[in-house]
Amino acid sequence: MNSALWVYLATSPLLWLTGTLVVWLAATAIASLRPGNPLLNPIMLTIAVIAIVLCLAGIDYKTYFEGAQFIHFLLGPATVALGIPLYEKLSLVKSNLVPMLAALIAGSLTAVGATVFFAHLFGFSSSVVASLAPKSTTAAVAMAISSGLNGDPALTAAVVVLTGICGAIIVTPMMNAMRIKDYSARGFAVGLASHGIGTARAYSVDPVAGLFSGIAMGLNAVLTSLIVHLFL
Amino acid sequence: MLVGITILLVFQLIGEVAAYFLGGFVPGPVIGMAMIAVVLKLTGGVKTLEPAHQRTLETSRSILANLGILFVPAGVGIIQHLDLIRDRGFALLAIVLLSTVITLTVTVWVFILVKRLSGGYADE
């Protein structure tokens, strides 16, 4: 390849923005061939392909993000957009208010408590423990909590995504194995444990699961920022 | 599309302003999410707002149908931590896997048991 052209393109936002979109479309096409296989998670596939390309090409994250930031920015309006299914299914949400609040409190305490417990068990430093503690919440909130606790927000962002992908992959086989058929409960659990990535998975399985997942994600972001101090 | 995205951004902006005054522990977009649901409910029957409602619903559906791609840029940030992954990757993965399994289990069962106790499955 013409190396001057490569140098020119590799540092421009256009290449990495377009590249992210193209890899994502290919990954969703592959995932749709086997919709029942949660291991073919399009988010994981896309991240893996782009990470490998960047490492092989010697492109740093900052350069990549200059292009990808246009996609990243839409996380905010997408969170607002979760208010629309909330509006459309308000009566369904109201009739599940009590179980939702109970599951929120139990789940939020468990998410932070279990993470802090295992992180201590594996001998991580207090800075890493603080970086891991809010990992079930959505990335922006988790990073703010982490930096407030003297953690490393960049590490938090990476672990948040890992947690999201992990939950998105295991939720369907786990819930099926436990014979849980209530999609409001399944969705709420995955949104609480695995924030927006869990919610993206939930929407691809069932619209009611997606709705409750989005609500759980929003509520857990608030509660985690209040309770995280109990554990650190 | 343009009307829809503008409405979403306006609610995000209002949410960010509210978050600023609340001390930042509730994320702005989450406040925006609650507010847009409330405002849609309140203005549901108003005829002049019907086209704006439709645009908002359409735009939201297409964004939510492609929610996953929005996490890719943050996720690729993993390449900044390759040394930690090389040294402690197994332990990190174990923590994430164990805590996620436990959290999913506790959350789903508390939801189901409380719903059962409060008569939520009575009609089934």
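1. A residue is called buried here if 20 or more other C-beta atoms lie within 10 Å of its own, with the C-beta atoms placed from the backbone. The model to which this criterion is applied is a predicted one. In H2 of chain B, the residues that are buried are B:Gly28, B:Pro29, B:Val30, B:Ile31, B:Gly32, B:Met33, B:Ala34, B:Ile36, B:Ala37 and B:Leu40.

2. As to what covers these buried residues of H2(B), both chains take part: the cover includes H1 and H3 of chain B, together with helix H5 (75-81), helix H6 (83-88) and helix H13 (207-227) of chain A. The helix itself, H2(B), has 15 residues, and from its first C-alpha to its last it reaches 21 Å, which is close to the 21 Å expected at 1.5 Å a residue.

3. For H1(B) and H2(B) the angle is about 120° and the axes are 7 Å apart. Because angles from 65 to 115 degrees count as roughly perpendicular and those over 145 as roughly antiparallel, H1(B) is therefore oblique to H2(B). The crossing in which H1(B) passes H2(B) is right-handed.

4. On the H1(B) side of this packing, the residues that meet H2(B) are B:Phe11, B:Gln12, B:Ile14, B:Gly15, B:Glu16, B:Ala18 and B:Ala19, and their partners in H2(B) are B:Gly28, B:Pro29, B:Ile31, B:Gly32, B:Met35 and B:Ile36. Sorted by class, this contact of H1(B) with H2(B) has eight nonpolar, four polar and one charged residues.

5. Between the chains, the contact takes 86 residues from chain A and 62 residues from chain B. On the side of chain B that touches chain A, the elements giving two or more residues are helix H1 (2-21), helix H2 (28-42), helix H3 (50-65), helix H4 (72-76) and helix H5 (82-117) of chain B. H5(B) supplies the largest share of that side, 22 residues. By class, the residues of that side of chain B are 44 nonpolar, 16 polar and two charged.

6. Within chain A, helix H11 (residues 153-177) and helix H12 (residues 183-205) have axes that come within 8 Å and cross at roughly 75°, which means that H11(A) is roughly perpendicular to H12(A). Among the residues of H11(A) that meet H12(A) are A:Val160, A:Gly164 and A:Met175, while those contributed by H12(A) include A:Arg186, A:His195 and A:Arg201. The contact of H11(A) with H12(A) divides into ten nonpolar, eight polar and two charged residues.

Methods: Residues are numbered from 1 along each chain as its sequence is written. Chains are lettered from A and ligands numbered from 1 in the order in which they are written. This is a predicted model: local features need pLDDT of at least 70, side-chain atom pairs count only at pLDDT 80 or more; totals for chains, interfaces and linings use all residues. Two residues are in contact if their C-beta atoms, placed from the backbone, lie within 7 Å. Helices (H or I, at least four residues) and strands (E, at least two) are DSSP runs, numbered from the N terminus. Ala, Val, Leu, Ile, Met, Phe, Trp, Tyr, Cys and Pro count as nonpolar, Asp, Glu, Lys and Arg as charged, and the others, Gly among them, as polar. The expected span of a helix is 1.5 Å times one less than its number of residues. A residue is buried if 20 or more other C-beta atoms lie within 10 Å of its own, exposed if 12 or fewer, and partly exposed in between; C-beta atoms are placed from the backbone. Axes are lines fitted to C-alpha atoms, for helices over the stretch in contact, and angles run from 0 to 180 degrees between N-to-C directions. Angles under 35 degrees count as roughly parallel, over 145 as roughly antiparallel, 65 to 115 as roughly perpendicular and the rest as oblique. A crossing is left-handed if the near helix is turned anticlockwise from the far one by less than a right angle, and right-handed if clockwise.
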